[in-house]
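Colleague: I have a model open and would like to learn how to read it. Could you walk me through it?

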Amino acid sequence: MNGPPDQLTVAHRRDAQRTPGSRTVADLLRTAPVIGRADMTVRQAAALMTERDQDYIVIPSPEHGLGLLTDAGIRARVVAAGRSIDTPVGEVLDGPAFVVDSRTAPVDALTELVDRDLTVIPVCDTAGTVLGVIGASDFVADPAGSSMPLREQISRSQTVAELQGHARRIPQLVADLVRRDRPAHEVTRVASLIVDAVVLQGLQLVVDNRPDVDPAAYTWLSLGSNARREPVPSSDVDSAVVFDDSLEGADLDGYREAFAELDEMLRGAGLTVDTNGAIASKPLFSRTRGQWQTASRGWIDAPLENKGMIFTSLILDGRPLFGSRRESRSPAPGVEMIGALRADPRTMRLLLEESLSTKARLRSMRDVLTRRGDSFDIKTHALTPLVNIARWAALSVESTEVNTRARLQVAAGSALLPDDDARTLTEVFDVLQRVRLRYQVAQFDRGETPTDVLEMKRLSPLDRSLVAQAVREIAGVQRRMAGMSHYQVN
């Protein structure tokens, strides 16, 4: 790593030193797992669950991995279906079950639990042995789980006013996590889970009042920083929609009117809806699947025309929202684009050039001319260049990851992103997000509107030094990547 020795590494690890940030999901386990057999009956499984006072049973299977049967599964697959309680468990299992490694961070496991709308998740060690299961209640004592009560209140909101009242508490929740010195990536991930809940419940309230809007006829995509699970108090809510091809043009207008109603609802909840038009109520971001495929093909064939690069970057960050009332019905447009992009070396090279066009720098020429050297736009001149690098590096290895840290990890060691650069950029990203969050929470405490333009005199000498070093590190990686303009897609 370049620059003053170890300063970035120290800052990167500071949160883990001050708090139990190194806790794993294994630390949340409180009881031994309830293990059964595929040949036992539902009656026997229910009796064992009752005996152990648990609402699940894990069924190991050499052929199919782990199966999972819950109280909800018994009600849906046995009672409601009119099946005998002497039916073999193997015939009614939820499986194969999603599992997490015991070394997983609690906030990552919580994200999976919420995203997949699961009751419990089995936790296994490196040998595949089931150590236990985790559910929503197991996160109550963990800092990452402090968001669960608010999320539950949001998800149960019956009126717009109730939803907006709960949503306005998001800044305070974020501020509390920052004051407790939680790692920046944990804070932003928790914030994204809450924003997702607001959007999902807002959609439900809108759809309930519009019988002409079928929630099964579209897939909602989160875009931008919230899609990457990196929102901060200054972030906008960006979105897009993929309609079923069966919908006609007149139908789409009705749906867009509903989504515009959601926009107003979100504004009333204290969230900032994107002012540049990257929202599902606008035609450019609400298309049928066929229209998205046609548009994507056009961006790949002519990336320099009609803002093709911008749309490509936005859509590659798209993340379908999941929830108790919504499921992903088909791949997001960004996932479908990856293979086509990788098969087009010319567009890949242009994407690399675009990712490097926003330079990491402390001062722009405009700052020099206007004598604004005492301020720094941390998003434009540091984080955006880094996010662009991560997006393109992940694309180069055909990864569908959306989160910046995950993209850097999956691309580490590739021809484009050596391990050292990936580690450095991860540390840089964490440091910049930490500085950004603490600055914006201080603004929130003073009653100011959070912004990405930092007044450097408000930063501590150490933070000023770290920001400067972070910019140098990003610029260094950009220069090395620029030297790879000969890069070819295999």
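Colleague: How many helices and strands does the secondary structure of the protein chain come to?

Modeller: The chain has 19 helices and twelve strands; helices (H or I, at least four residues) and strands (E, at least two) are DSSP runs, numbered from the N terminus. Before we go on: this is a predicted model, where local features need pLDDT of at least 70 and side-chain atom pairs count only at pLDDT 80 or more, while totals for chains, interfaces and linings use all residues. Residues are numbered from 1 along each chain as its sequence is written, and side-chain values use heavy atoms, leaving out hydrogens and water.

Colleague: What share of the residues of the protein chain count as buried?

Modeller: Buried means under 20% relative accessible area, exposed over 50%, and partly exposed in between (1.4 Å probe, protein chains only). Here 54% of the 490 residues are buried.

Colleague: Which residues touch the most other members in the largest nonpolar core?

Modeller: In soluble globular proteins, nonpolar side chains tend to be buried together. A nonpolar core is a set of buried Ala, Val, Leu, Ile, Met, Phe, Trp, Tyr and Cys residues joined through side-chain atoms within 4.5 Å. The largest one has 64 residues, and I134, V199, Y218, W220 and F259 touch the most other members. Helix α8 (residues 184–208) gives the most to this core, with 15 residues. Domain 1 (25–138) and domain 2 (146–343) both contribute residues, so the core lies between them; the domain bounds come from an automatic or database domain assignment. Apart from this core lies another, of 57 residues, with L341, F376, A411 and V435 among them.

Colleague: W220 and F259 are both on that list. How do their rings pair?

Modeller: Rings of Phe, Tyr and Trp (its six-membered ring) pair if their centres lie within 6.5 Å; planes under 30 degrees apart count as stacked, over 60 as edge-to-face and the rest as tilted. The whole structure holds nine aromatic pairs. W220 and F259 are edge-to-face, at 5.1 Å centre to centre and 80 degrees between the planes. Their pair links distant parts of the chain, with W220 in strand β6 and F259 in helix α10 (residues 249–268), 39 residues apart. Both W220 and F259 are buried. They also belong to one aromatic cluster with Y218, F243 and Y255.

Colleague: Now a helix. Which residues of α13 are buried?

Modeller: In α13 (residues 333–342), they are P333, G334, M337, I338, L341 and R342. To find a face, look at the arc of the directions from the helix axis to the C-beta atoms. For α13 the buried residues fall within 145 degrees, so they line one face of the helix. Their packing partners include β7 (236–243) and α16 (378–396), where contact means heavy atoms within 4.5 Å.

Colleague: And which residues are buried in α3?

Modeller: In α3 (residues 71–79), G73, I74 and V78 are buried. Their arc is only 100 degrees, which puts them on the same side of α3. The face turned away carries the exposed residues R75 and V79.

Colleague: Last, backbone angles. Where does R229, with its positive phi, lie?

Modeller: R229 is in the loop between α9 (224–227) and β7. Its phi is about 65 degrees although R229 is not a glycine, and R229 is buried at 6% relative accessible area. E398, in the loop between α16 and α17 (404–411), has a positive phi near 60 degrees. At 47% relative accessibility, E398 is partly exposed.
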